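Reader: I have just opened this entry and would appreciate a guided tour. Could we begin with the terms and then go through the structure?

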Amino acid sequence: MKKICFIVSLVLLACNGSKSTVSNELNTVSQSISGSENSFANQEDIAKTLQFLTSDELEGRNTGSKGIEKASYFLEGVFKQNKVKPYFKSYRDTLSNYDLPAYNIVGYIEGNDPKLKNEFVVIGAHYDHIGRITPVNGDDIGNGANDNASGTTAVTEVVKYFAKHKTNKRSIIFAFFSAEEKGLLGSKHLAKKLKEQNLNLYFMFNYEMIGVKMNREDMLLYLTGFGKSNMAQKMNEYAGENLIGYIPAETQYQLFRASDNYPFYTEFEVPAQTVSTFDFENFQFYHQPDDEFELMDTKHMTNVVNKTIPVLEKMMNAPSKEIQMK
C-alpha cells in the first residue's frame, strides 16, 4: 500500500535479520506460469511466481526502474502464454501522470454471454514497490513480497483460471498497476482512461498484501470500504462461509483510500474494493528490506486464491448487478 499516514510508521517496527538472495532466470520462471491441470491454483506455481517477483534482480520494482521493467515483461508473458488479449493496442498502458516511462500491464477476456459481455469487471493488483531504500544490516532492496508481489501473484492465478476455462459471462479487464507507491498513479490513469471511454463497469476487485495469514479464524480476508457496498455480504453468500470480514484498522487507517480500488470508486461510483490480510499485527516489515519471499506463507496465499476464484466467478456471472453501493 502507499504510505497511509505517519501513525502507521509508528505501528510498524523496523527489523533486523538475514536475507538470502533469490536468483531465477526470467525465462525459466515464465515457463512455470502457463497453467496447471488443476482447476484452481497450486502452491508450487504461486511460490515460483512470487519468488521471481521478489528476487533481488528486480531491485524492489521501483516505478520507472530497470527492475520493474523485468517484472512488466514477466507479466506480459503471463498474458501471452495464456492467450489473453491486450485490452488496448498492446499490453502496456503508458502512464500519463508520471515523469519516467511507466506502464500498467492490462489484459482482457471477453465475456461469453451475448448481453452481459458488454458489462465489465476489473481485477487488479499493483506490481510496483519502493526500490532501493535505507539499508538494514547492509540490505537496501525493498523487495516488496507482501507489498504487493503477493497480490500480483494472486492475479496471475486468476488470469490463468479464466483464460483456461472461459467461464466468465461478463468481460474481465486484468490490470497490473504501476506507481501505486507514488500515489495510486497507475490506477488513477487507467480509471480515468476507461471512464472517458464510457466503460460499463460493474465492479472493481483488488488484491493487496495477502502474503501472511491473520491471527484469527473468523475470516480469511478483510475488505476495505466494508460498509460502502454489499460486496462482503454477497461474497460470503457466494462462498457459503464467512470468507470476508471487517477489522477496525481498515477504518482507522482509511485503507479504502489507500489502494488501487479507490480511483475506480471515485471515477465510476460503483463497488470498487480491496481484499487484504495485512492487519498491522501479523507483519512487521512494511516498507522494510525484510519484506521478503522467505517470510511469505504460500500455503495461505494458495488458499486465498482458491477461495476467491469461485466467488469471483459467481460475482461476475450473476444475472443482474447484485453487488451494489449502499
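Author: One term comes first: two residues are in contact when they have heavy atoms within 4.5 Å. Among contacts in the protein between residues at least 6 apart in sequence, 81% join residues at least 24 apart.

Reader: What kind of model is this?

Author: This is a predicted model, in which local features need pLDDT of at least 70 and side-chain atom pairs count only at pLDDT 80 or more, while totals for chains, interfaces and linings use all residues. Residues are numbered from 1 along each chain as its sequence is written, and side-chain values use heavy atoms, with hydrogens and water left out.

Reader: How many helices and strands are there in the protein?

Author: The protein has 10 helices and 11 strands. Helices (H or I, at least four residues) and strands (E, at least two) are DSSP runs, numbered from the N terminus.

Reader: And how many of the residues count as buried?

Author: Of the 326 residues, 61% count as buried. Buried means under 20% relative accessible area, exposed means over 50%, and partly exposed is in between, with a 1.4 Å probe and protein chains only. The accessible surface of the protein comes to about 13,000 Å², and 48% of that surface belongs to carbon and sulfur atoms. Those areas come from the Shrake-Rupley method with a 1.4 Å probe; for residues, only the protein chains shown count as cover.

Reader: Let us turn to the strands. Why is strand E8 largely enclosed by the rest of the structure?

Author: Seven of the seven residues of strand E8 (residues 201–207) are buried, so the strand is largely enclosed by the rest of the structure.

Reader: Which strands pair with E8?

Author: Strand E4 (residues 120–126) pairs with E8 in the parallel sense over five bridges, and four bridges join E8 to E11, also in parallel. Two strands count as paired if DSSP finds at least two bridges between them. Val122 has Met204 in E8 as its bridge partner, and Phe205 has Gln273 in E11 as its partner.

Reader: Is there a general rule for where side chains point in a strand, or what should I expect?

Author: In a regular strand the side chains alternate between the two faces of the sheet.

Reader: Which residues touch the most other members of the largest nonpolar core?

Author: They are Ile123, Phe174, Phe203, Phe205, Tyr207, Leu312 and Met315, in a core of 76 residues. The largest share of this core, nine residues, comes from H5. A nonpolar core is a set of buried Ala, Val, Leu, Ile, Met, Phe, Trp, Tyr and Cys residues joined through side-chain atoms within 4.5 Å. Leaving aside neighbours within four places in sequence, Leu312 is in contact with Ile123, Val158, Phe203, Phe205 and Tyr207. Apart from this core lies another, of 18 residues, including Val106, Val122, Leu194 and Phe264.

Reader: You mentioned H5. Which peptide bond is cis?

Author: The bond from Asp147 to Asn148 is cis, with omega near -5 degrees. Asn148 is placed in helix H5 (residues 145–165).

Reader: What about phi at Arg61?

Author: Phi of Arg61 is near 55 degrees, a positive value in a residue other than glycine. Arg61 lies in the loop between helix H3 (43–53) and helix H4 (66–81).

Reader: Buried or exposed, that Arg61?

Author: Arg61 is buried, with a relative accessible area of 1%. Phe280 also has a positive phi, near 70 degrees, and counts as buried at 9% relative accessibility. Phe280 is in the loop between strand E11 (272–276) and helix H10 (298–317).

Reader: What else is in the loop between E11 and H10?

Author: Asn282 is in that loop, and Asn282 is buried, with a relative accessible area of 13%. Not counting residues up to four places away in sequence, Asn282 touches Val212, Lys213, Met214, Asn215 and Thr277. Asn282 and Met214 are 68 residues apart in sequence, yet 6.0 Å apart in space, C-alpha to C-alpha.

Reader: Which backbone oxygen does the side chain of Asn282 reach?

Author: The side chain of Asn282 reaches the backbone oxygen of Val212 at 3.2 Å. The backbone oxygen of Lys213 also lies 3.2 Å from a polar atom of that Asn282 side chain.

Reader: Finally, where does Pro114 lie?

Author: Pro114 lies in the loop between strand E3 (103–109) and E4, and counts as exposed at 65% relative accessibility.

How values were computed: A polar contact is a pair of N or O atoms within 3.5 Å; within protein, one must be able to donate a hydrogen and the other to accept it, and residues adjacent in sequence count only if both atoms are side-chain atoms.
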